[in-house]
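Reader: Please take me through this structure by question and answer, beginning with the strands and ending with the contact between the chains.

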Amino acid sequence: MSESFSDASGSNSQYATLMNIELQSIGIIHTPFTELKGMPIQPAGGAGVQGTVEIFSTYREGLADLGGFSHLILLYHLHRSDGYRLRVVPFMDTVERGLFATRAPKRPNPIGLSVVKLVGVEDGTLQVENLDVLDGTPLLDIKPFVPEFDAQENVRTGWLENARKRVAEKRSDERFSKEFS
Amino acid sequence: MIQLEPIGVVRSPFAEPSDVPRFAADRANVKGTIEIFETFREGLEDLEGFSHIVLIWRFHKSEEASLDATPPYDVGTKGVFATRSPRRPNALGLSIVELDTIENGCVHIRNFDMADGTPILDIKPYIPENIDPASVSLGWLEEARKAVLESLTD
């Protein structure tokens, strides 16, 4: 846990009862990416990459009726990410940006989000496509992708506007892996 | 075990989760605010250029998780992961909302579905997915909606 949590301002002390949130992984994501270096940095770069999502047996009953959906949202723990800084130089930029205006993996609460294509469900394992996560990533939640909630129109993407077109070709360098052991 | 702490809290006119309108159209122009705790405010820089943001939050008033969910359609129970039910393992919520302005650590938003006091865990810039709407199928939800539409036109 980062130091900045311990000196959080008094303004949030009234939420003390909400402050400790404990999550447990409900499964494991298996992908061809065993190292951070060379990983796609956005879902667009993970296009066509196949993998599996193995759900632990206690949670499998919750997979009923999932088969009819073509796309799913996966929430997962960015488990190799340690610590964070509130200003970072993103992969596709050369100047510092506020962390919450980026998708950098090192965040106060390292939760990652990917939209994947569901290919099949069998014995508690999902076959999925368009994965952009590291092999062994702990899964936290699965939600059906519903365009009216999850696909917005008339979107502006700030500093990313010009960088977006290049994202698909870009692969991560070692910028975020230095501290990973 | 993964331990998390909120980065901020929602100020919303919906006092309780049950006050949040079910249909997006009924809350399209309702305004709310996310108060980001002081420690994290520096991370908001450059966010204002985005029209939409992704919020990851905690269903803090959700009852105990269940692997079965009963959606608000007459379709019986469904596996919880095939629904957006709040009563889910880890009780994580996900919303894409419209961003108006940011001032003094307050992020002003529109078209959201969080109740007052909801703890925010993460904010990410919204980047549209490259998904052809025609390629999206919605399983049981599609059938349930068709049935509702048909019942309305009867």
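Author: Two strands are taken to pair if DSSP finds at least two bridges between them. The model discussed here is predicted.

Reader: In β8(A), which residue is the bridge partner of Gly120(A)?

Author: Strand β7 of chain A covers residues 111-122 and is joined to β8(A) by five bridges. These two strands run antiparallel. In β8(A), the residue that partners Gly120(A) in a bridge is Gln127(A).

Reader: Which residue in the turn between β7(A) and β8(A) has a positive phi?

Author: At one position along the pair, Glu122(A) stands opposite Thr125(A) of β8(A). The two strands form a hairpin, with two residues between them. In that turn, a positive phi of about 50 degrees belongs to Asp123(A).

Reader: Which residues form the covered face of β8(A)?

Author: In a regular strand the side chains alternate between the two faces of the sheet. Strand β8 of chain A spans residues 125-129, and its uncovered face consists of Thr125(A), Gln127(A) and Glu129(A). The covered face is made up of Leu126(A) and Val128(A).

Reader: What is the average twist from one strand to the next in the closed barrel of chain A?

Author: The barrel has six strands with antiparallel pairing, in the order β2-β3-β8-β7-β4-β9. From one strand to the next, the twist averages 45 degrees.

Reader: Which element gives the largest share of the side of chain B that touches chain A?

Author: On the two sides, 60 residues of chain B are in contact with 68 residues of chain A. Elements of chain B that give two or more residues to its side include β1 (2-4), β7 (92-103) and α1 (139-153). By type, the residues of this side divide into 35 nonpolar, 13 polar and twelve charged. The largest share, six residues, comes from β9(B).

Reader: Which residue in β1(B) is the bridge partner of Ile21(A)?

Author: Strand β1 of chain A, residues 21-23, pairs with β1(B) over three bridges. The sense of this pairing is antiparallel. Within β1(B), the bridge partner of Ile21(A) is Leu4(B).

Methods:
Residues are numbered from 1 along each chain as its sequence is written. Chains are lettered from A and ligands numbered from 1 in the order in which they are written. This is a predicted model: local features need pLDDT of at least 70, side-chain atom pairs count only at pLDDT 80 or more; totals for chains, interfaces and linings use all residues. A residue is buried if 20 or more other C-beta atoms lie within 10 Å of its own, exposed if 12 or fewer, and partly exposed in between; C-beta atoms are placed from the backbone. Helices (H or I, at least four residues) and strands (E, at least two) are DSSP runs, numbered from the N terminus. Two residues are in contact if their C-beta atoms, placed from the backbone, lie within 7 Å. Ala, Val, Leu, Ile, Met, Phe, Trp, Tyr, Cys and Pro count as nonpolar, Asp, Glu, Lys and Arg as charged, and the others, Gly among them, as polar. Axes are lines fitted to C-alpha atoms, for helices over the stretch in contact, and angles run from 0 to 180 degrees between N-to-C directions.
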